[in-house]
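This report goes through one structure by topic.

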Amino acid sequence: MLICTVKTQFGRLILTEEDGALMSVNWGNAVREDASELLQRASLQISEYDHGTRQQFDLPLRIGGSAFQKAVCDAIYAIPFGDTCTYGDIAKALGVPAQAVGQACGANPIPIIIPCHRVMGAKGLTGFSGAGGVETKVALLRHEGAAGLLI
């Protein structure tokens, strides 16, 4: 497993690579700084997103967990930059309860790249599992120009 840290306006992000795929993004400081082609690409793409010059990521990802977790992450990944949808929208598309989608969304191992911050509750803003919670979610939505949806 290889790791590195990327500084962003949303905090320091720890990227984890395993077997040629990005496995996780977490907030904090990596215990070491490794180098690989993938970690360099991922760091660059996150920096571009942070600076407003990238709207979509192009990285090999590996989602652990069940087929359901992977299906929810695929649905979240498909939400375009600057757009949002609800847990209910994803639940309807997958034929499952919205609460199950919410749990899977909260377990997203690769936030920002798999943009779970773009998923809202039926009545608006909901929690966020990243550092800073809802405040970070709002900052990410503002960064993408989706903050008008919060009013």
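## Aromatic rings

Phe10 has a relative accessible area of 9%, so Phe10 is buried; buried stands for under 20% relative accessible area, exposed for over 50%, and partly exposed for what lies in between, with a 1.4 Å probe and protein chains only. The model is predicted: local features need pLDDT of at least 70, side-chain atom pairs count only at pLDDT 80 or more, and totals for chains, interfaces and linings use all residues. Residues are numbered from 1 along each chain as its sequence is written, and side-chain values use heavy atoms, with hydrogens and water left out.

Rings of Phe, Tyr and Trp (its six-membered ring) pair if their centres lie within 6.5 Å; planes under 30 degrees apart are stacked, over 60 edge-to-face, and the rest tilted. The count by this rule is four aromatic pairs. In one of them, the ring centres of Phe10 and Tyr49 are 6.2 Å apart and the planes are at 45 degrees, so this pair is tilted. Phe10 is in the loop between S1 and S2 and Tyr49 is in helix H1, so the pair ties together parts 39 residues apart in sequence. Helices (H or I, at least four residues) and strands (E, at least two) are DSSP runs, numbered from the N terminus.

Tyr49 is buried, at a relative accessible area of 1%. Tyr49 also pairs with Phe81, edge-to-face, with 6.2 Å from centre to centre and 80 degrees between the planes. Phe81 sits in the loop between H2 and strand S4 (85-86), so its pair with Tyr49 in helix H1 ties together parts 32 residues apart in sequence. Phe81 is partly exposed, with a relative accessible area of 21%. Phe10, Tyr49, Phe57 and Phe81 form one aromatic cluster.

## The nonpolar core

A nonpolar core is a set of buried Ala, Val, Leu, Ile, Met, Phe, Trp, Tyr and Cys residues joined through side-chain atoms within 4.5 Å. The largest one has 35 residues, of which Leu15, Leu22, Ile76 and Ile113 touch the most other members. Elements that give two or more residues to this core include strand S1 (2-8), strand S2 (11-18) and helix H1 (37-50). H1 gives the most, with five residues.

Contact means heavy atoms within 4.5 Å. Leaving aside neighbours within four places in sequence, the contacts of Leu15 include Leu2, Leu22, Leu39 and Ile46.

Which residues of H3 are buried? They are Tyr87, Ile90 and Ala91. Seen down the axis of H3, these buried residues fall within an arc of 100 degrees, so they line one face of the helix; the arc is taken from the directions from the helix axis to the C-beta atoms. Lys92 and Ala93, on the other side of H3, are exposed. The cover over the buried residues of H3 includes H2, S4, H4, strand S5 (119-120) and helix H5 (134-143).

Ala104 belongs to helix H4 (residues 98-106). Ala104 is buried, at a relative accessible area of 4%. Apart from neighbours within four places in sequence, Ala104 is in contact with Phe68, Gln69 and Val72.

## Salt bridges

A salt bridge is a side-chain nitrogen of Lys or Arg within 4 Å of a carboxyl oxygen of Asp or Glu. The structure has three salt bridges. One of them joins Arg118 and Glu144, whose closest N and O atoms are 2.8 Å apart. Arg118 lies in the loop between H4 and S5 and Glu144 in the segment after H5, so the pair ties together parts 26 residues apart in sequence. Arg118 counts as buried at 5% relative accessibility, and Glu144 counts as buried at 6%.
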